[in-house]
Amino acid sequence: MSEGIPWIEKYRPKSLRDVIDQEPIVEALTGLLKTKGIPHMIFTGPPGVGKTAAAHALARDLFGDRYVEDGHFLEINASDERGIDVIREKVKTFARMIPMAGPGFKILLLDESDMLTAEAQHAFRRVMEQFSATCRFILAANYLNRIIEPIQSRCAVFRFRAIDESGVRKMVERVSKSEGISVEEGALKALYEVSEGDLRKVLNVLQTASIYSRTVTADLVYRVVGFAAAVDVRRMMELALNGKLDEAKRVLRQALYVNGVSEREILNRMYAEVFYIPVREVDKARILSLLGEIDYRISQGATPEVQIMTVLATLQSASQALK
Ligand SMILES: Nc1ncnc2c1ncn2[C@@H]1O[C@H](COP(=O)(O)OP(=O)(O)OP(=O)(O)O)[C@@H](O)[C@H]1O
Ligand SMILES: [Mg+2]
């Protein structure tokens, strides 16, 4: 039984051939594989569309199944590391020796590279230069404009796009066949809608839905997403009220990027919850008007995560005012 495995792992593409809906990129990468002339690359695009997955698939196609164990490929997550010095040391150790077998270089994936400050990126660029004889770098990033120009100009840039409805259908068919579940046509449309072309969300919502029923309906999809929203938002607000902003942020990111909860839904739930939280009435009023304000800002294109964090910070200070 494989119930314990998250589907986002179970259905991670093993080869570039399994990557859904990014044809121009898959074609270009497959071409590079043939010549073994891999440049430094930037994979950019929205969440859950195959950037990290494609980097792994490429490495597996190039080096074989033991691409990690045999030391051909290393993934570093920029947001996990405490600084550029730690990253530099890891690269150094990794890039020092080239395995005898293989194309004569290794591949290093710097995931979430747009989390590095500009200063750290400049230092990283020097690291890239220092080790480019033995190492090809892939930088994954949601926002290309947060990558400094000197790095961009040394990399081939691949722009991943949100998965379209037919891509979501392909993934849902792959999964439902292998899991023996049935997904109604309306549910497929609902999955596409709530995921906004993010296959990580598709897989997470579908896996949760399948626990409730082997036949997945649109209604079930919405209930799963809504249920996740209610639980998450309450927890997130409690954490903020207790001064645990970092943890609140983690819950927020999980809701937004993993569970497929829309910012609209989160704001609505926050609105409803405000009436029950232990802060002064004046602060409640202030928080309600702030919610209205950020609702507007988001509609004008502001980043939901950043905006919602300002409300959580206000919650934190409002609860401190009581103490
Ligand atoms: N194009 C795709 N083809 C097949 N599976 C995909 C694709 N995109 C995403 N997936 C599935 O979703 C999971 C998450 O995708 P991945 O980690 O590649 O996203 P990402 O683009 O790197 O997102 P983020 O910006 O959040 O890092 C994968 O493990 C895989 O199961
Ligand atoms: Mg990724």
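Figure 1. Helices α3 (51-63) and α9 (199-212) each supply at least two residues of the shell around ligand 1. Helices (H or I, at least four residues) and strands (E, at least two) are DSSP runs, numbered from the N terminus. The shell holds 20 residues, of which Pro 47, Gly 50, Lys 51, Thr 52 and Ala 53 come nearest. A residue counts as near the ligand if its C-beta atom, placed from the backbone, lies within 6 Å of it. By type, the shell has 11 nonpolar, five polar and four charged residues. Nonpolar means Ala, Val, Leu, Ile, Met, Phe, Trp, Tyr, Cys and Pro; charged means Asp, Glu, Lys and Arg; the others, Gly among them, are polar. Domain 1 (7-159) and domain 2 (165-216) each give at least three residues to the shell. The domain bounds come from an automatic or database domain assignment.

Residues are numbered from 1 along each chain as its sequence is written, while chains are lettered from A and ligands numbered from 1 in the order in which they are written. In this predicted model, local features need pLDDT of at least 70 and side-chain atom pairs count only at pLDDT 80 or more, but totals for chains, interfaces and linings use all residues.

**Figure 2. Strand β1 and its partners****.** Met 41 and Phe 43 point one way from β1 (residues 41-44). Ile 42 and Thr 44 point the other way, and all four are buried. Buried means 20 or more other C-beta atoms within 10 Å of the residue's own; exposed means 12 or fewer, and partly exposed lies in between. β1 runs parallel to β4 (residues 135-141), with four bridges. Four bridges also join β1 to β5 (residues 156-159), again in parallel. Strands pair if DSSP finds at least two bridges between them. Met 41 stands opposite Ile 138 in β4, and its bridge partner in β5 is Ala 156.

**Figure 3. The largest nonpolar core****.** This core has 90 residues; Ala 54, Leu 191 and Val 221 touch the most other members. Helix α10 (residues 218-241) gives the most, with 11 residues. A nonpolar core is a set of buried Ala, Val, Leu, Ile, Met, Phe, Trp, Tyr and Cys residues joined through C-beta atoms within 7 Å. Beyond four places in sequence, Leu 191 touches Val 168, Val 172, Val 202, Val 205, Leu 206 and Val 221. Contact means C-beta atoms, placed from the backbone, within 7 Å.

**Figure 4. Ile 8 in helix α1****.** Ile 8 counts as partly exposed because it has 17 C-beta neighbours inside 10 Å. Beyond four places in sequence, Ile 8 touches Arg 200, Leu 203 and Asn 204.

Conventions. Two residues are in contact if their C-beta atoms, placed from the backbone, lie within 7 Å.
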